[in-house]
Structure formats: structure tokens, C-alpha cells
Amino acid sequence: MPVSIADLLAEPTLRLWALSSHCHDADRRIGWVSTTELPDPLPFLRGGELVMTTGMLERDDAGWTRLLERLAELPVAALCFGTGLVHQEVPPAVVDTAERTGLALVGSPVEVPFVQISRWVADRIFAERYDAVRSAATLQDQLVRELLSGHGLRGMLRRLHRELGAGPVAVVEPGGRVLARHPAPSRRADAEEPERAGTSVPVLVDGVPVAELRTRRPTPRQDILSFATSILGLEVARHQAVLTGRRELLGQVLEDVLHRTVSDGDARRRLASYGLAADGPHTVVVARVGGDPARLRSLPWTLGPLLERAHDRLPTALVDDAVMVVVPDTVDAGAAAGTVADHLRVVDPRVRVGVGEPRRGVTGLRLGYFEARQAARSGPGVHRAAPLSIAGLLMGNLDLPLRELGHAVLAPLLHHDEAHRAELVTTLRSYLSHDCSPAATARALTLHRNSLRYRLQLIEQLTTRDLTRLADRMELWLALTALDADPAGAPAEE
């Protein structure tokens, strides 16, 4: 307990006595002791001190009155006036002013030195602080034990609720969803009431806030809440690392399957060891995030499974720079894709998710992956795959440098268009899409046939391709397809 003026008066060895009626106020707590005989001690005080003086400096009644009024205004915890050395009794002006201003005033006999009073107060302040540190350390140890034991997060919240006395304690996701709470809502209205934070401390993983630890009412024990969020963040990060390891192991198997580095029979056996029946019907969901893909490995996508120490509900893998989820036909693939998108928004709010077509077998797994990956290029949100063409499959294969080759083929046209606004790329695209018909192309572009003929000749000259040859037309068409698939992916010029 904090040291009070009443404690001082109750200590028989100090032989102090009360000189004002304010000495027994409950909020008279001593923060430290200051002995002074200065004309103006106020610049050296911070408030809450037990100020001790013998009145050695001679003051008139007005001087004592001004000093006590300022001490009361600061305020100090109390004024201890020593008698028997300079003053045989406390001046009446001091007593009257202390009573009027609400200042606690105690008398001290000359036989009890101030250093004895100071040591007594210091011993109790240090004991109080030691008890507080020991109590905090004990509570911290209890919180760690609760979290790491079979009680887990709910055990930790139960301990916090009991120790803090600040009402319900909850872990809340950034979107406001309550992941865990103690005590549980006792009625429907309470369950539907949003968690209002009396005190709120973020839970950080890799420097990113992934949740908040909240109390319903304010609590002064911010230190305990901060410690709880620290160990909670460490525990989440630890389970995230375990989960990432599982996802990467499955990802290595799937990469071998997707890129045909293992036979189909071996692929089925290896996938079965992860509980994935490749011969059954399944739908592939692929999600891609912006920025550094390493964030998929370090940041938790959702805290629920981590806090419950559960694994992914569906086979989930980290493949290349994306998340791949294999959804069996017994699960709604669209709903699963929406859940993946919701979870990954903590990593990237503009996450892109593609959903392939339901397929069977190892070949179906490969086709579904490239379908879903191509669909994920459609932009933020969830997108269903369009029928996958051979060209689309080629564009989706990251092992082939088609994008770079496509930009290399079209670079002369792109540079010419940029310099002269000639629209050669638009002309080529229209010409190929109209089955190389000059008349149809001229009508579509609202262009004279002579102008079209000039542009086509310029295209052949710049690209060194012959538009009458099928192979050259096919190469230019694939280059345009690559440009459309990734318009920002042109290699940088030296």
C-alpha cells in the first residue's frame, strides 16, 4: 500500500502529531521526502512530497502564509514542522493557514531527526515498489503459463479479467470481429454490443498490428496489458512460423506436380501423404498480394486458427509468389475463395484471388492452377476463370519468358508509337483480330485503305516480320497477348 500521512502518525517511533484536520484524508499519499530551509523551495518540488523544515529561515506571518498557500496549491503531501530547535512550537500563522488551505500539517520533536523520518518513508516506498514489481512479475508468469498451457488464450483472458477488474477482456481483429472474450456474453444483447475499448493495446506481429487487446473499462494497469500483447504477439508469430512451414512443404510438393518434375503416379502418392486426393474432383484457388511476397510467410492471415493452434481447414500451400488452396467438391469454392480474400486483406487490402474450374486428377490440378492464376490477374477481389486457351496457359507459365519476349518483339512499335503517336500497335491488334482482312480493319479503324497499307508496311519494316506468313502472324499475336496480360511488365531499357 502507498505510504500515507496517517501511516506516519501511527508509527510510534517517529512521535509525530497532527496539527491540521487534513492529516487523515484518504488521498494523502507520500511520493518522496524533501528537507528544506530555502526561502523558496517550490522550484525544487514536483508535488506529492513530505516537506520537512525547522523554520530556520526567519519569516513573518505573511511570509509563512504565502509559502503554505503555494505548497497547498502544488500540492505537496504534507508539511512536517520540526520543533525544539528554532521554534519551541509551530507558529500559529502556519497552523491557521494549513487548516484554511487544506494542507496536512504535522509536528515533529527535536529528538527525532529528519533523517529518521526520511529513512522510514524511503523504506516503505521501496518496499511498496518491490511488492508492485514482484506482483507484476508473478502476474506476468501466470499469464505466460495460462497462454502456453491447455487453457490457451481463454485462460490468459480469464486471468486478465480477474486481475485488472476492468470488465470483459477481449481480443478483437482490426475489422472489429471479436476472436475471444472473457467472460462470454451472458445475453443476446450483450453479445451483439460492439466491444468499446476502455483501454486498448495493439497486438503486433512483425511490426504490423493484427489485433487489439481491449478492456471494457479503463484500467491503470497498462503495463500488464502491454506485456500480455507482447507474449500474445510472440505466440501468434510462433504458430505462424509452424503453419508457414507446413504450407511451404506442401508448396514444394505442388510445385513439382505443377511443373512436371515428378510422374503423375509419384505426384498422387506424395499428395496423398498430405491428405490431398488428387484423383477426386477439386477446384484450385490462387491468391496473389502486392509488395513483398515474404509477407505471406511472416504475417498471420487470420488469428483464429493460430489462437486455437489449429491447421488450415483446406489444403493450403505457398507456391511461387502466391497462395494456392485446393478445394474439394464438398466445399463451396466461391465461399472458400471469399474467405481467403478476407483473410489476406490484412496482408494486402487489394488482394487478387482467382478461382479455377472444377477438375479431376493431377492434370486437372495443373490446369486449375494456371486457370486460377490467370483469373487472379483480373484485379482486386475474387474472379472466376474464363476457359483457358493454349495461349492463356502459355502466358500463365512463369517458367517461360513469354512476356519479356513479347515486349522485345513489339518494342520497335511501342517506341515508334510513343514518339509519333502512330497507333501501330492498335493497328496490328485490329488487323490480326479481323483475320488479316484489310477492308474489315480499315472500317474498324475508320482509316483509308492506303493509310492502312502504309501502317502495315511500317509494322513489317520495324518488326522485321512478314504479315503474309502464318508463323510471323502467330508470333506477333502471341506478343500482343503477352502485352495485354502484363502491360507493365516490359523489361527496363539499359
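Phe 81 counts as buried, at 0% relative accessibility. This is a predicted model. Trp 64 also counts as buried, at 4% relative accessibility.

**Aromatic pairs**

The structure holds three aromatic pairs. Trp 64 and Phe 81 form one of them, and its geometry is tilted. Trp 64 lies in helix 2 (residues 61-73), while Phe 81 lies in strand 4 (residues 78-83), so the pair ties together parts that are 17 residues apart in sequence. Tyr 369 and Phe 370 form an edge-to-face pair, because their planes stand at 70°, and the cut-off for this class is over 60 degrees. Tyr 369 and Phe 370 are both buried.

| Pair | Centre to centre | Angle of planes | Class |
|---|---|---|---|
| Trp 64 and Phe 81 | 5.4 Å | 55° | tilted |
| Tyr 369 and Phe 370 | 5.2 Å | 70° | edge-to-face |

The charged end of Arg 59 sits over the Trp 64 ring, 5.2 Å from the ring centre.

**Strand 10**

Strand 10 spans residues 282-288. Seven of its seven residues are buried, so the strand is largely enclosed by the rest of the structure. In a regular strand, side chains alternate between the two faces of the sheet. Here both faces are covered. One side carries His 282, Val 284, Val 286 and Arg 288. The other carries Thr 283, Val 285 and Ala 287.

Strand 10 pairs with strand 12 (residues 322-328) in the antiparallel sense, over six bridges. In this pairing, Val 284 stands opposite Val 326. Strand 13 (residues 352-355) also runs antiparallel to strand 10, joined by four bridges. There, Val 285 stands opposite Val 355.

Definitions and conventions: Residues are numbered from 1 along each chain as its sequence is written. This is a predicted model: local features need pLDDT of at least 70, side-chain atom pairs count only at pLDDT 80 or more; totals for chains, interfaces and linings use all residues. Side-chain values use heavy atoms; hydrogens and water are left out. Rings of Phe, Tyr and Trp (its six-membered ring) pair if their centres lie within 6.5 Å; planes under 30 degrees apart count as stacked, over 60 as edge-to-face and the rest as tilted. Helices (H or I, at least four residues) and strands (E, at least two) are DSSP runs, numbered from the N terminus. Buried means under 20% relative accessible area, exposed over 50%, partly exposed in between (1.4 Å probe, protein chains only). A charge sits over a ring if NZ of Lys or CZ of Arg is within 6 Å of the ring centre and within 35 degrees of the ring normal. Two strands pair if DSSP finds at least two bridges between them.
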